[in-house]
Amino acid sequence: MSKPTQEYMNKVKEIYEKSKIVLTNEEIAKIDYTDFGLNNWDEEGLNLILYVNNDRYCAKEMALLPNQTCPEHMHPDWKGNVGKQETFRCRWGDVYLYIEDSKSLNLENDEIKLPEKNSQYYTASKGYYLTAGEQYTIPPKTKHWFQAGDRGAVISEFSSPSYDEYDVFTNPNVKREVRDR
């Protein structure tokens with residue numbers, strides 16, 4: 001798995017600072033930077049801070065650089081448990097959230113640019129545009145992906161327990177190191 005550059009990490013920290021969410025030095029030091037093993041940092045990645053993840057609930061802060069995309073995935077049922085349900089609340093910037101729908105992908109918004117290298121792995125087509133203060137709840141077992149707008153975005157995630165090792169990505173090349181426990 002490739003490592004982020006110092007310049008990349010500084011940009012992520014700047015996005016968090018712009019959001020004006022108060023974070024401790026320890027939280028900043030533990031940012032989980034991931035490119036999902038795709039080596040496509042500018043287009044596909046996610047940068048998160050885990051507040052809590054236990055057997056009852058999970059809370060994370062997620063930052064995306066301008067136009068960066070979190071690859072399409074779903075949270076399936078696992079070991080007799082229902083898949084993760086998550087509420088995304090945009091805290092700063094704006095984010096385009098897409099969930100699966102019976103329609104084929106038809107991006108009506110010129111702002112969205114699918115990651116060129118892996119565009120075939122983005123199939124969820126029902127779009128929601130969230131600005132600071134808006135939120136959307138994603139049901140379990142629902143394919144979804146999201147992309148920041150031109151300024152980037154910070155999104156709070158409130159969910160049932162997170163077990164990233166069970167996440168199913170549409171792109172078979174995704175490799176995710178699990179750091180949520």
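Ground rules, quickly. This is a predicted model: local features need pLDDT of at least 70, side-chain atom pairs count only at pLDDT 80 or more, and totals for chains, interfaces and linings use all residues. Residues are numbered from 1 along each chain as its sequence is written, and side-chain values use heavy atoms, with hydrogens and water left out.

Overall picture. The protein has two helices and nine strands. Helices here are DSSP runs of H or I with at least four residues, strands are runs of E with at least two, and numbering starts at the N terminus. Along the sequence the order is α-α-β-β-β-β-β-β-β-β-β.

Now the overall dimensions. For 181 residues, a compact globule would have a radius of gyration near 16 Å; this protein has 15 Å, which agrees. That radius is taken over C-alpha atoms, and the globule rule is 2.2 Å times the number of residues to the power 0.38. The C-alpha atoms fill a box of roughly 45 × 40 × 35 Å along the principal axes. Of the 181 residues, 50% are buried. Buried means under 20% relative accessible area, exposed means over 50%, and partly exposed is in between, with a 1.4 Å probe and protein chains only. Contact means heavy atoms within 4.5 Å. Among contacts with a separation of 6 or more, 78% come from residues 24 or more positions apart.

Next, helix α1. It runs over residues 6–19, and its 14 residues should span 20 Å at 1.5 Å a residue; the end C-alpha atoms are 20 Å apart, which agrees. The expected span is 1.5 Å times one less than the number of residues. Which residues of α1 are buried? Y8, M9, V12, I15, Y16 and S19. They cover an arc of only 115° around the axis, which puts them on the same side of α1. The arc uses the directions from the helix axis to the C-beta atoms. An α-helix has 3.6 residues a turn, so residues three or four places apart point the same way. On the other side of α1, E7 and E17 are exposed. The buried residues pack against β1 (32–34), β2 (46–53), β3 (58–64), β5 (86–99) and β8 (144–159).

One of those strands, β2, holds L46. L46 is buried, at 6% relative accessible area. Setting aside residues up to four places away in sequence, its contacts include Y33, F36, M62, L64, C70 and F146.

Now a lysine. Is K84 buried or exposed? K84 is buried, at 5% relative accessibility. It sits in the loop between β4 (69–74) and β5. Its side chain makes a polar contact of 3.0 Å with that of E157, and another of 3.4 Å with that of S162. A polar contact is a pair of N or O atoms within 3.5 Å; within protein, one must be able to donate a hydrogen and the other to accept it, and residues adjacent in sequence count only if both atoms are side-chain atoms.

Back to K20. It is not a glycine, yet its phi is positive, about 65°. K20 lies in the loop between α1 and α2 (25–29), and it is exposed at 71%. N39 is also a residue other than glycine with a positive phi, near 50°. N39 belongs to the loop between β1 and β2, and it is exposed at 54%.
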